[in-house]
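Please look through the model shown here, and then work through the questions that follow one at a time.

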Amino acid sequence: MRVLVVEDDALLGDAIQAGLRQHGFVADWVRDGAAADRAIGDGAFAAVVLDLGLPRRNGLEVLARLRARKDAVPVLILTARDTVEDRIGGLDAGADDYLVKPFDMGELAARLRALSRRAAGSPSPALRVGVLSLDPATREVRWRGEPCALSRKEFALLHAFMRRPGAVLTRAQLEEALYGWGEEVESNAVEVHLHHLRRKLDPGVVQTLRGVGYVMPRELA
Ligand code: CA
């Protein structure tokens, strides 16, 4: 799951990015509101962690602009002061959740997983497609009830498909789910990880639509 962190405080931004990576997220970080606007416009992020006090456009403006564009990406705002007005303002502007600084990194990770679940229309923690289940919190994957050990990238790839079964995903979309900025994308990475997923789970877990993209069937049996 790829998350954008928007935070102008260098120490805090660095700590959030590192903490989220430790919790298994792909995390990118920008330091001002204008950069956040541009990054969110790419549509590559499953959620946004948004500080409110930012240079070059404050967090509430960033939020208002992205909701005005009908962008439904889940947004968790970080408020520096524990004031009711800040939280009300943020939620009214279209935020989905908030945390008051200082916060616990484990709680931030759990709240982001919950937002992603709700955005995917899935109320229970584990995602399920037929005989396949994936729990983002425990990082456990089961095929017909049997646990499967997946690498970090294999898990991220499978998660991207399970969030949208039946949807065709392009190679570029999958690469965006797998890699943060500055990470080198190996040219055949998607195919290699897919090969491993099919071998570890089932050959039919993801289908290749030649020249179009890849799709996980809505039903896996
Ligand atoms: Ca700030």
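Q: In this predicted model, is W181 buried, partly exposed or exposed?
A: The relative accessible area of W181 is 39%. Buried means under 20% and exposed means over 50%, with partly exposed in between, so W181 counts as partly exposed.

Q: What kind of aromatic pair do the rings of F45 and W181 form?
A: The structure holds one aromatic pair. The ring centres of F45 and W181 lie 5.9 Å apart and their planes meet at 85°. Planes over 60 degrees apart count as edge-to-face, so the pair of F45 and W181 is edge-to-face.

Q: How many residues apart in sequence are the parts that this pair ties together?
A: F45 lies in the loop between helix 2 (33-41) and strand 3, while W181 lies in the loop between helix 7 (171-178) and helix 8 (189-200). The pair therefore ties together parts whose separation in sequence is 136 residues.

Q: Which residues coordinate the calcium ion?
A: The donors follow the spacing D-x42-D-x1-G along the chain, and D8 lies in the loop between strand 1 (2-6) and helix 1 (10-22), whereas G53 lies in the loop between strand 3 (47-51) and helix 3 (59-68). At 2.1 to 2.3 Å, the calcium ion is coordinated by D8 (OD), D51 (OD) and G53 (O).

Q: With which side chain does the side chain of K101 make a polar contact?
A: K101 lies in the loop between strand 5 (97-100) and helix 5 (105-119), and the residues that K101 touches include L12, D51 and L78. The polar contact, at 3.1 Å, joins the side chain of K101 to the side chain of E7.

Key
Residues numbered from 1 in each chain as written. Predicted model: local features only at pLDDT ≥ 70, side-chain atom pairs only at ≥ 80, totals over all residues. Heavy atoms only, no water. Donors = N, O, S within 2.8 Å, 3.2 Å for Na, K, Ca; no water. Helix = DSSP H or I, 4+ residues; strand = E, 2+ residues; numbered from the N terminus. Polar contact = N/O pair within 3.5 Å; in protein donor to acceptor, adjacent residues only side chain to side chain. Contact = heavy atoms within 4.5 Å. Phe/Tyr/Trp six-rings, centres within 6.5 Å; stacked < 30°, edge-to-face > 60°. Buried < 20%, exposed > 50% of the residue type's maximum accessible area, 1.4 Å probe, protein only. Lists of a residue's contacts leave out its neighbours within four places in sequence.
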